[in-house]
Amino acid sequence: MAQSGKANMKQMASKKSPEGGGSGGKKKNKQKKSSSEHLGDGAPSSALASSNKLSEAATPVKLNEGAKASVDKKIPQNALNEIKDKSKHQSVEVSDIVSGIEKLNVLPKNASDAPASEAKVKEDAQNKAEADKPDKAKKETKEENTKLPDVSGKKKENKKEVGGGESALAPSGETKSKSQLRAERRATQEAQRAAKEAKKSEGGPSASVNSSASATKSVAASAVKSLATTKVVVASSEKPKAAPVQSSSDKQKLEDTSKKVVAKKVADTETEEQMWSRMEKEIMGKSLKIDNRVLNLGFQYFYHKIVGANARCLAMLITFREVIGGYKTPEEKDLSRDLEKSLLNPCIKYLNYCRPISISMGNAIKYLKYHISKIPSNMEDEAAISKLQKLIDEFITEKIIGASKTIAEYSKAKINNNDVILIYAGSSLIARVLKDAHKAGKKFRVIVVEGRPRTEGKTMLRFLVRCGIPCSYIYIGSAVYAMSEVTKVFLGAAAMFATGDMYSRSGNSMIAALARANNIPVLVCCETYKFSDKVQLHTGDSNLHARSHDLISVGQRPQILGNYEELGLRLLNIMYDVTGSKYITCLITEQGLILPATIPAILRRHEDLLEETSGK
């Protein structure tokens, strides 16, 4: 067989050599022989030469005599050209399995070192398999982590078919560059194509080509199977992540946000009258679990039947006093906690929805809650309720009624005979001051400046006339002309901020600015329970809007603009404004005459007194 193989090789070489086998042909034959010493199993020279670039870690393999005889065969030039052309266009099947066999060296490195017998190949393969058993689990874990196709199950089969060759996987801790991996893939593809072309051109495959081709096919098949298995395992391991569990606070925030978004959309589309009617229905819906006394108070706030900081605070405290009187602590409940949680908080929330809580009301609520929290748990209900009612009465007596009387005493000293005092709109505290000064025998005249749309100046004018005080009545637009004869300006405040600014009925800031421009002192009368540690820099911040149609209605007469909504006109009726501290000459409080800058000190003093009284 070896001799017939050599004869066939020589005949083919003589036919294809130029000029019947001249010196040039001999040189080429010598080159082919020298190159064939490094090739094995009769594989084509171009394919096997490229396969030497796969890896240097392959186990040397020795070829038998029959394999050496087939090395001298030459591949036709047209076959080589076709291989080069096809190498530019890689097939899809090969590219899919290359990732699984890119680190395998299928062909032997050196043909001269091939094993002498097939039995020895099997023995070496078995020894290698036994040596690899301890590390099998580690390799599989590593291959799964790196997402490489698992070809460990086919190692024994590959070694038998190739003839004892080992895989060209890089040693542990060593990585290959992208260019090296690309070169290995290209060499593997060229070797496979060369083997196929040689098989077609020769008509009958030799033993060496069959062995290498079968080894390549087996490795490819194992790589495809392992790649598919790996994809299935990875897909099954990637379980969909469960949605994060939202806490109750997060759900409440989402609900509040959605409600605000819906309310904003509704507010953009509905008219003002629709908005007020909707609010009235919502108030009725929220009043199902509210005490009837609190329900009646809320509607009076909503329709502005009770106006003024002192009047609103007094009405609220009196209502809370009555509601607390009928409270009974449930079993296994603490009065100091359950009274605030189950009774006061729902009532306060309802009143705030009817009309936003004023600063004076907020301070009164804070005072009441503080004393509720200080009630001992072992105190009986009757004693605790009577104590709270007594504290409410003390707050009304000292902070509201007693403070207004003291302020009136301090203000009398600032009113001289023949003074012309200018006041704006209506204020219960200013009315008390002027009444007490008139009773004390002071001779003065009052100019009442009216502001629309509530026309509270008319109520103030009636009260002063009944007291026997001479008065004049003008609208705010004419106030600039009255400043020429005014000697003092008295203003009432709804609240005082920590910066010394005054929060009061809309129009007070204009009067204060006019008075300062004419060098007229501005005296602000305000109780200290209206002081707040908050700061408001702009009038539009936290302001209260009233019904807009009040601006275009004058008494019983028809409206000035009956179709203002059809014209696209939107009215804004702001109830309060902010007067800067620079326009205020001094504050008259129950603690005396102070400057606006001393408000923070008074607030700290109130906190200290509150702690002292609670300790007693």
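In this predicted model, Leu 610 is partly exposed, with a relative accessible area of 24%. Leu 610 belongs to helix α23, which covers residues 599-615. Apart from residues up to four places away in sequence, Leu 610 is in contact with Tyr 367, Tyr 370 and His 371. Leu 610 and His 371 are 239 residues apart along the chain, and 9.3 Å separates their C-alpha atoms.

Ser 336 has a relative accessible area of 11%; values under 20% count as buried, so Ser 336 is a buried residue. The side chain of Ser 336 makes a polar contact of 3.0 Å with the side chain of Asp 334. When residues up to four places away in sequence are left out, Ser 336 touches Ile 372, Ser 373 and Ile 375.

Helix α13 spans residues 272-286, 15 residues in total. From the first C-alpha to the last, α13 reaches 21 Å, close to the 21 Å expected at 1.5 Å a residue. The buried residues of α13 are Glu 272, Trp 276, Met 279 and Ile 283. These residues lie on the same side of α13, because they cover an arc of only 60 degrees around the axis. In an α-helix there are 3.6 residues a turn, so residues three or four places apart point the same way. The buried residues of α13 pack against α14 (292-302) and α16.

The model contains an open sheet of seven strands, in the order β3-β2-β1-β4-β7-β9-β10, with mixed pairing. The edges are formed by β3 (471-475) and β10 (592-594); each has a single partner strand, so one side of each is left without a neighbour in the sheet. On average, neighbouring strands of this sheet are turned by 25 degrees against each other, direction ignored. In general, strands of a sheet pair through backbone hydrogen bonds, either parallel or antiparallel. Strand β7 (522-525) runs parallel to β9 (residues 586-589), and three bridges join the two. In this pair, Val 524 stands opposite Leu 587 of β9.

Two bridges pair β5 with β6 in the antiparallel sense, and Met 496 stands opposite Met 502 in β6. The two strands form a hairpin with five residues between them, and Gly 500 in the turn has a positive phi of about 95 degrees. Strand β6 (residues 502-505) is joined to β8 by four bridges, and these strands run antiparallel. Tyr 503 has Val 578 of β8 as its bridge partner, while the bridge partner of Ser 504 in β8 is Asp 577.

Most residues other than glycine have a negative phi, and most peptide bonds are trans. Asn 418 is not a glycine, yet its phi is positive, about 65 degrees. With 67% relative accessibility, Asn 418 counts as exposed. A positive phi, near 60 degrees, is also found in Asn 519. The loop that holds Asn 519 is the one between α22 and β7, and Asn 519 is exposed, with a relative accessible area of 73%. The peptide bond that joins Arg 452 and Pro 453 is cis, with omega at about 10 degrees. Pro 453 is located in the loop between β2 (444-450) and α20 (456-466).

Key: Residues numbered from 1 in each chain as written. Predicted model: local features only at pLDDT ≥ 70, side-chain atom pairs only at ≥ 80, totals over all residues. Heavy atoms only, no water. Pairing = 2+ DSSP bridges. Buried < 20%, exposed > 50% of the residue type's maximum accessible area, 1.4 Å probe, protein only. Polar contact = N/O pair within 3.5 Å; in protein donor to acceptor, adjacent residues only side chain to side chain. Contact = heavy atoms within 4.5 Å. Expected span 1.5 Å × (residues − 1). Arc of directions from axis to C-beta. Axes fitted to C-alpha atoms, helices over the stretch in contact; angles between N-to-C directions.
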